[in-house]
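Let's take a friendly tour of a protein model. Have the sequence and the 3D view open as you read.

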Amino acid sequence: APRNLGALRTVADLKVPRFLLHRDVHVEHQTMETAGGPMHLEWVVPERALPQQAPGGDAPRRRRLLRFRRRVAPAERRYRRVMLYMHGGAFTLCTPGSLRGSTFPIARAAGAALCVPQYRRPP
């Protein structure tokens, strides 16, 4: 068993390289203010989870998705389906970025926007 949590986190917290992931899924970041302080969320969103109609209009949306979009807060969007992904790691290992190898296929298969929280970790 590793004796140095910092060394273990160095390996376990590496982000999955983008070229290994599905192209029809993108990531959005959001920070929510809570009573316990800010909570950082990563939204893993497949194209088919986005609404087909623009709000208040009849024309379908035809804009190209940016792979890592940060302009519009995900909470302001309306997705067809939303899931919350609570990962293991005993609150000591893994980040939303290091879990993309798991979260991208889940979001894609479910056709849902997947919300992955960044847990607060002990020192």
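Below we look at salt bridges, then cysteines, then a pocket.

This is a predicted model, in which local features need pLDDT of at least 70 and side-chain atom pairs count only at pLDDT 80 or more, while totals for chains, interfaces and linings use all residues. Residues are numbered from 1 along each chain as its sequence is written, and side-chain values use heavy atoms, with hydrogens and water left out.

**Salt bridges**

A salt bridge here is a side-chain nitrogen of Lys or Arg within 4 Å of a carboxyl oxygen of Asp or Glu. How many salt bridges does a search of the whole structure find? The search turns up 2, and here they are:

| Pair | N to O distance |
|---|---|
| Arg108 and Asp24 | 3.0 Å |
| Arg100 and Glu42 | 2.7 Å |

Take the pair Arg108 and Asp24, which meet in a salt bridge. Arg108 sits in helix 2 (residues 100–110) and Asp24 in the loop between helix 1 (5–12) and strand 1 (25–34), so the pair ties together parts 84 residues apart in sequence. Helices (H or I, at least four residues) and strands (E, at least two) are DSSP runs, numbered from the N terminus.

Now for Arg100 and Glu42, whose side chains also form a salt bridge. This pair links distant parts of the chain, with Arg100 in helix 2 and Glu42 in strand 2, 58 residues apart.

Are these residues buried or exposed? Buried means under 20% relative accessible area, exposed means over 50%, and partly exposed is in between (1.4 Å probe, protein chains only). Arg108 is partly exposed at 35%, and Asp24 is partly exposed at 28%. Arg100, at 4%, is buried, and Glu42 is buried at 3%.

**Cysteines**

A disulfide is a pair of cysteine sulfur atoms within 2.5 Å. Searching the whole structure gives 0 disulfides. Cys94 is partly exposed, at 21% relative accessible area, whereas Cys115 is buried, at 8%.

**The largest pocket**

On a 1 Å grid over the protein atoms alone, a pocket is an open set of points where a 1.4 Å probe fits, with protein on both sides within 12 Å along at least five of seven lines; lining residues have an atom within 4 Å of a point. The largest pocket holds about 200 Å³ of space. Its lining includes Thr34, Met39, His40, Tyr119 and Arg120. Which strand gives the largest share of that lining? Strand 2 does, with 4 residues.

Key: Points joined across faces, edges and corners; volume = space filled by probe spheres on them.
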